[in-house]
Amino acid sequence: MVRRVFGILCIVVLLASAVGYAATTGRMKGKVSDNDGLALPGVTVQISSVNLIGGPQVAISGIDGGFTFNMLPIGMYTVSVSLSGFSPATGEVRVQLDRLATVEFLLVPEQFGGEIEVLAEVPIVDTAQVNTQQVFDQDFLQNAAIGASGRDYLSIIGQVAGVAGDANASVFGGMQTDNAFLIDGLNTTDPVTGTFGTNFNYDAIQEVSFQTGGFEAEFGQATGGIINLVTKSGGNEFSGSFDVRFRDQSFIESGEHFDPDEEVSSFRDVSATLGGPILRDKLWFFVSGEDVKTEIRWEGTHFPRVYEGQNYIAKTTWQMADSHRAVFKYSTDPAEIPGANMSQFVLESAKYTQKQGGDIWQAEFNSVLSESVLLNAKLGIVRGLIEGGPSSNPDTWSTHWNEDTGISSHNYGSTFADDRDRDEFGMHLSWFLDDFAGSHEFKFGVEYNDLYFGSVNYPNGGAWIDDVEEEINYADLNGDGYFNHLVTIKEPEEDARNKENSYGDITTFFVQDSWRPMANLTVKPGLRFDNIGLSNHVGDDIADMDRWQPRFGVAWDIGGNARYVLRASWGRFMDPTALSIPSFASGI
């Protein structure tokens, strides 16, 4: 408790002087030259986009003809350039998550003609990227998921090379717990299992970035993949969606050796989104809601397995000033699963119901302190819950399992409730430095995660019935004896239930440089440090681990035309840390 209070106080102090987090944005860099290839300084460059709150932004090209725009919301941008004595030009370029969009203009003197239209796209091959990364933009998301299947970010990542499965996928042969799941830059990975921790309405997703190897020092606590998802933010125009999808076994064609009615199933998904301005160019909102219900029952089972879940998001984006932007978001994904233990060996009287979901509060602040310095911060509170117990008769004092037939009846035998919490704070400083043996993009960061796992579990009523002779025998509830393989357990009192609390904290520091000694060569050295402390239910320190993690990557644009790029990377990575570790030495 002292550690958590101290961490919150530190967060409050740091937030007083920090704003922004760049993991939800992209950058744009360009150059303007004349028709002889000579750099043109003093060119007015204006960018605009429906995703850019605050209205169009303007920059002036430098002595080398270059210009840069930082912390841009992802999406398609129109770029216009103008200079007295030259014909104006326009182009379009897409800014993608965690990437640098590049565009070049060649201006001609006015006497050669009127306005020239230039279409400038992000190169198919990213010449500055040293890691293995794939970005799924809005066009892909809307056209790749056909029908009701695959409409979630967990299905998307299964389409990346080197990835086996979806949801908690295996990346390059790694374990399913080796990944990190970032939602709007916030780590939402389950602190106990190391698997994904939240669900989202598919129509609320703006873009998904998936890194599968060689990621930079900014990213850690994963040896597999880094999933970074950005949600929509609204805009200056009202827009929304309403989507209804349904199917059941009647949609499945029967065959000579297959009868769809033998496996009853149904699926229903109703979702809606709405976004728009509260104050044009100043304050936007976006809300999303989804209701999902699936039901399946195999032949020979005694009851169906039902999933009923809801996903909600409420998000506001506030352009506080020309160089300062704030984002606040709340999301929740409650779900209930009656019949989670559906099986031909479980009677309906022993049916089990599981409830799960959580709440996420998140704040992001973006600040451009100068043309070369960005200050970024994030603050998030993640609360997760998984609990389960008998679907009916929760106060029944026994369960019945037939050792000969393997069939469970009478009642489900136990109840549990798990709290899985994560408090997170991070602050990043980016510094762009030119003309120092080439150009540099330095990034410095500090992050802190406070983890908590609280678990309670107990047998219902305290008695288990083992009917080896197919004859129901009830336990002597006073604990005076047992018979016929019947083991009696004392009735669980509130203070005698198995309570287990585990705690963890992760402190991170990193520094990363993106150095371009020449136009077609990018070198990215970096260093990351993670310190992890874990303690158990009785306050014993179970682990105190740390690791220095050097990273190095290089990208060489062989022909200087973004057609062939040679990449290489090397690094040390710390294995993800889960609060399942203290449970092996819980002190109970």
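**Figure 1. The largest nonpolar core has 23 residues.** Within this core of the predicted model, Phe136, Tyr153, Ile205, Val208, Phe210 and Ile227 have the most contacts. Helix 3 (153-156), strand 12 (180-183), strand 14 (205-213) and strand 15 (226-231) each contribute at least two residues. A nonpolar core is a set of buried Ala, Val, Leu, Ile, Met, Phe, Trp, Tyr and Cys residues joined through side-chain atoms within 4.5 Å. Helices (H or I, at least four residues) and strands (E, at least two) are DSSP runs, numbered from the N terminus.

**Figure 2. Surroundings of isoleucine 205.** Beyond neighbours within four places in sequence, Ile205 is in contact (heavy atoms within 4.5 Å) with Gln138, Leu141, Tyr153, Leu229, Val230, Thr231 and Lys232.

**Figure 3. A second, separate core has 22 residues.** Met28, Ile47, Phe105 and Leu107 are among them.

**Figure 4. A nonpolar surface patch covers about 510 Å².** Leu429, Trp431, Phe444, Val511, Leu527 and Trp548 make this patch. Trp548 lies in strand 31 (residues 541-557). Patch residues have over 30% relative accessible area and no salt bridge, with nonpolar side chains (Val, Leu, Ile, Met, Phe, Trp, Tyr) joined within 5 Å and like charges within 9 Å. A salt bridge puts a side-chain nitrogen of Lys or Arg within 4 Å of a carboxyl oxygen of Asp or Glu. Areas come from the Shrake-Rupley method with a 1.4 Å probe; for residues, only the protein chains shown count as cover.

**Notes.** Residues are numbered from 1 along each chain as its sequence is written, and side-chain values use heavy atoms, without hydrogens and water. Local features need pLDDT of at least 70 and side-chain atom pairs 80 or more, while totals for chains, interfaces and linings use all residues.

Definitions and conventions:
Buried means under 20% relative accessible area, exposed over 50%, partly exposed in between (1.4 Å probe, protein chains only).
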